Structure formats: C-alpha cells, structure tokens
Amino acid sequence: MIYSHEVETMCPIAQGVAHGAAPIPEEAKWVKPKDVTDISGFTHGIGWCAPQQGTCKLTLNVKEGVIEEALVETIGCSGMTHSAAMASEILPGRTILEALNTDLVCDAINTAMRELFLQIVYGRTQSAFSEGGLVIGAGLEDLGKGLRSQVGTMYGTVAKGPRYLEMTDGYVTGLALDADNEIIGYQFVNFGRMMDFIKAGDDANTAYEKAKGQYGRVDDAVKIVDPRKE
C-alpha cells in the first residue's frame with residue numbers, strides 16, 4: 001500500500017464505532033452483506049438499448065452470489081433474440097459481480113443486468129421475505145404451460161382504428177365488432193397449446209382447431225374481421 005506524504009505524517013486516530021453493513025432482507029433472513037457470496041434472491045426487471053428500439057425482461061435466481069437460473073426475454077429487435085440466446089449461456093454459473101461486468105452482447109440485456117444487480121444487492125428482490133427463496137425453475141412459471149412469453153402487440157391509426165394482433169391468450173385471428181364497428185371481443189389461437197397438440201400426434205389442422213379460443217362478446221358480434229387483412 002502506498003501512502004502520500006501528507007497521510008504518512010498524520011498522527012493516528014482510532015476509528016469509532018463501526019457497525020458494518022446495514023442488514024438487507026434476503027429469503028426471509030436479515031443479512032449484513034460483505035462478500036458477493038452473501039447475496040441471494042429471485043427477481044426480474046427490464047433494460048433497454050441506447051436507441052430504445054427494443055427491450056429485455058431479465059429474470060435471475062441467485063443463490064449465494066451465483067446465478068443459478070436466468071430467463072431472458074426480448075422484444076422489438078431481431079438481433080436481440082440472438083443476443084438473448086448467447087446471454088442464456090453466459091449468465092448461469094457466474095456471480096452477479098461477474099455478470100455485471102460481462103458483455104451480454106446486447107445493450108438492453110446489459111442494462112437489465114445492471115438494474116437487477118441494484119435490486120439484488122439492496123435487498124429489493126421478489127423473494128426478500130420468502131423463506132428459503134424460490135426454487136430453481138421458478139423463472140419458467142411466468143411463461144405458463146406453453147412456455148411462451150407474455151406478449152401484447154397492438155396497432156392503431158386515426159384513419160382505420162385499432163388492431164389487436166397478439167394477446168397473452170395467443171395470436172389474434174379475428175376481431176368481433178358490434179353494429180357501431182367497435183371491438184367487443186376477439187378470437188385467437190394459442191400457439192403454445194397448438195404445438196403441444198402437434199407433439200402429441202395431432203395433425204396441424206386438428207391442432208389449430210383445438211387451440212382456438214375467444215374472449216369477450218364474440219357471439220354477439222355483427223361481424224368478425226381479420227386484423228391483419230381488413
């Protein structure tokens with residue numbers, strides 16, 4: 001350790017009371033973190049790239065400082081999907097400090113990692129008061145049985161009005177309109193369920209029909225329009 005001349009010539013004065021780090025809530029325990037291995041928690045958050053053309057939702061399950069589980073969801077940029085693929089290989093097994101200082105390929109994913117790091121080290125995780133935290137695999141629960149991201153895609157213009165394109169329910173195939181041409185419901189096909197039916201042996205047409213559904217007052221509609229063609 002190298003000290004400046006000014007420090008070298010100072011007389012020593014004892015430090016007073018030092019209580020250490022303030023405790024933070026971690027998996028139903030109060031922890032005074034000193035090392036990265038003192039950190040545990042499950043949380044998720046978002047990040048964005050500099051031009052804000054896309055975003056990433058990142059979910060991490062950290063146990064004793066190590067990322068044991070990572071879910072990377074991106075939207076808005078085609079390149080992000082490839083970046084997410086690489087990040088899903090990079091993140092598990094790294095400490096949160098390593099992950100913070102690792103190039104996760106995409107600015108949005110890097111920003112999400114930064115935001116989650118702050119949540120985790122300040123004890124603001126989703127599992128702060130959950131005894132034992134969440135099991136590895138909890139990140140997939142947000143995706144549901146079809147293991148698909150929750151996506152909402154809508155489009156609208158002054159000239160032609162709104163178009164529902166995709167909901168959590170699935171890919172919107174028809175908009176139900178009343179006599180005033182206002183949307184009162186929609187029809188959809190759930191791609192996750194459709195793929196499950198196909199994998200179970202159904203042909204594509206049968207699987208498509210079985211995966212159909214509707215929401216709202218579709219039965220009261222004056223007409224059904226295809227949101228991508230009409």
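Biologist: Which residues make the nonpolar surface patch of about 510 Å²?
Modeller: Met-1, Tyr-3, Val-7 and Met-10 make that patch. A patch takes residues with over 30% relative accessible area and no salt bridge, joining like charges within 9 Å and nonpolar side chains (Val, Leu, Ile, Met, Phe, Trp, Tyr) within 5 Å. The areas come from the Shrake-Rupley method with a 1.4 Å probe, and for residues only the protein chains shown count as cover.

Biologist: What should I know about the model itself?
Modeller: This is a predicted model, in which local features need pLDDT of at least 70 and side-chain atom pairs count only at pLDDT 80 or more, while totals for chains, interfaces and linings use all residues. Residues are numbered from 1 along each chain as its sequence is written, and side-chain values use heavy atoms, with hydrogens and water left out.

Biologist: Back to Met-1. Is it buried or exposed?
Modeller: Met-1 counts as exposed because its relative accessibility is 88%. Buried means under 20% relative accessible area, exposed means over 50%, and partly exposed is in between (1.4 Å probe, protein chains only). Met-1 sits in the segment before helix 1 (5–8). Helices (H or I, at least four residues) and strands (E, at least two) are DSSP runs, numbered from the N terminus.

Biologist: Now the inside. How many residues has the largest nonpolar core?
Modeller: That core has 24 residues, and Leu-58, Leu-60, Val-72, Leu-91, Ile-109 and Met-113 have the most contacts inside it. A nonpolar core is a set of buried Ala, Val, Leu, Ile, Met, Phe, Trp, Tyr and Cys residues joined through side-chain atoms within 4.5 Å.

Biologist: Which elements give two or more residues to this core?
Modeller: They are strand 4 (55–63), strand 5 (66–75), helix 2 (78–90), helix 3 (96–100) and helix 4 (107–121). Helix 4 gives the most, with seven residues.

Biologist: What is Leu-60 in contact with?
Modeller: Leaving aside neighbours within four places in sequence, the contacts of Leu-60 include Phe-42, Ile-67, Leu-91, Met-113 and Ile-120. Contact means heavy atoms within 4.5 Å.

Biologist: Let's look at helix 2. Which of its residues are buried?
Modeller: Met-80, Ser-83, Ala-84 and Ala-87 are buried there. Seen down the axis of helix 2, the buried residues fall within an arc of 110°, so they line one face of the helix. The arc is that of the directions from the helix axis to the C-beta atoms.

Biologist: And what is exposed on the other side of helix 2?
Modeller: Ser-78, His-82 and Glu-89 are exposed on that side. The buried residues of helix 2 pack against strand 4, strand 5 and helix 4.

Biologist: Change of topic: how many salt bridges are there?
Modeller: The count comes to nine salt bridges, each a side-chain nitrogen of Lys or Arg within 4 Å of a carboxyl oxygen of Asp or Glu. One of them joins the side chains of Asp-142 and Lys-57 (3.4 Å, N to O).

Biologist: Where do Asp-142 and Lys-57 lie?
Modeller: Asp-142 lies in the loop between helix 4 and strand 6 (153–157) and Lys-57 in strand 4, so the pair ties together parts that are 85 residues apart in sequence. Asp-142 is partly exposed at 33% relative accessible area, and Lys-57 is partly exposed at 27%.

Biologist: Which residues are linked with them in a network of salt bridges?
Modeller: The network links Lys-57, Glu-73 and Asp-142.
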